[in-house]
Amino acid sequence: MPPRHLADLDPEARRAAVKELGLPEFRAKQLSTHYFGRLVRDVAEMTDLPAAAREKIGAELLPHLLTPVRELACDDGATRKALWRLHDNALVESVLMGYPDRVTACVSSQAGCGMACPFCATGQAGLTRNLSTAEIVDQVVYLAGVAASGAVAGSPPRLSRVVFMGMGEPLANYPRVIAAVRRLTSPAPDGLGLSQRHITVSTVGLVPAMRKLADEDLSVTLALSLHAPDDDLRDELVPVNQRWKVAEVLDAAWSYAARTGRRVSIEYAMIRDVNDQPWRADLLGRLLAGKLAHVNLIPLNPTPGSRWDASPKPVEREFVRRLRAAGISTTVRDTRGQEIDGACGQLAASTVDGAEAR
């Protein structure tokens with residue numbers, strides 16, 4: 001794992017850490033104000049700290065966790081993808097998406113992913129390792145700084161939403177993801193001060209972790225990557241379904257909704273001639289009827305070597321029509337970032353020469 005960072009620590013642990021460095025405890029709040037309140041990630045820029053102590057503070061509490069490899073932009077600058085190299089040469093990506101009323105950060109929780117969903121580039125790369133709490137948080141703080149700089153034209157200058165939909169299965173890195181959520185939603189200067197309701201945590205359906213999340217007293221949105229309403233197909237598309245079947249996964253989702261009062265987002269990638277048949281729309285409608293759920297249909301994004309493609313628009317529209325006729329709230333996700341491989345399912349953390357992270 002990477003060296004300890006301020007964002008790994010809660011406020012009490014930060015005070016203890018600065019005390020260990022022979023500094024007064026108030027320096028902990030000072031550091032937190034710089035990092036979370038002013039989005040300053042480099043101790044050299046914290047000029048109100050004693051010059052003699054900055055090097056020690058930087059080494060012990062603000063080490064550089066993310067080294068930029070490259071940044072790409074598309075959609076007239078509204079979508080921006082960053083590729084990072086971590087201390088052990090693992091690669092991860094994060095994406096910033098600007099809209100007229102909000103700015104959203106899509107962040108990674110693992111380097112690679114071990115869930116092996118065959119239509120997802122990240123899943124095909126395999127799992128390198130879990131990210132630390134600070135490696136997750138630092139992606140958000142950096143992207144919040146990009147938004148604050150005004151670089152995302154036509155969008156507010158404040159990051160307002162975070163989705164754990166980048167590389168990795170968030171609930172497979174449970175303790176660090178939950179700690180990151182608490183850092184992101186704690187009021188400044190202890191954290192970034194985001195609303196819990198503006199945080200989305202996705203999962204392919206790790207049932208024990210879903211049930212544990214319901215007990216965390218958090219009001220984040222749970223996004224369930226379902227992709228098929230029947231076990232036969234879901235066993236292939238989402239291999240973890242061989243352990244926890246559709247009925248069990250949905251039961252855990254409804255338990256989360258009942259405990260939190262939060263609507264579950266059902267993520268469903270539309271794959272031509274695979275999961276887009278009318279009867280599957282009808283089955284999905286029956287499974288979700290009367291539940292606190294919303295379906296988010298995702299046109300499948302192309303990935304190198306994939307044998308699958310997105311559903312044709314008429315097929316997609318019929319799928320939507322059938323779900324809505326069943327009384328299910330349904331939207332089709334706006335596809336962003338395809339040109340820079342920054343769209344859903346495309347994050348493979350390839351270097352400039354095309355070598356993938358392993």
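**Glycine 168.** I started with glycine 168, which sits in the loop between β7 (161–164) and α6; helices here are DSSP runs of H or I with at least four residues, strands are E runs of at least two, and both are numbered from the N terminus. This is a predicted model, where local features need pLDDT of at least 70, side-chain atom pairs count only at pLDDT 80 or more, and totals for chains, interfaces and linings use all residues. Residues are numbered from 1 along each chain as its sequence is written, and side-chain values use heavy atoms, leaving out hydrogens and water.

Is glycine 168 buried or exposed? I found it buried, at a relative accessible area of 15% (buried is under 20%, exposed over 50%, partly exposed in between, with a 1.4 Å probe and protein chains only). Setting aside residues up to four places away in sequence, glycine 168 touches Ser109, Gln110, Gly112, Cys113 and Thr122 (contact means heavy atoms within 4.5 Å).

**The record.** I checked UniProt: its unreviewed entry lists Gly168 and Ser225 among the "binding site" residues, and such annotations may be inferred rather than shown by experiment.

**Serine 225.** I then looked up serine 225, in strand β9 (residues 221–225). Serine 225 is buried too, at 14% relative accessibility. Beyond its neighbours within four places in sequence, serine 225 contacts Thr203, Val204, Arg234, Val238 and Glu267.

**Helix α6.** Which residues of α5 meet α6? I noted Thr133, Ile136, Val137 and Val140 in α5, against Arg176, Val177, Ala179, Ala180, Arg183 and Leu184 in α6.
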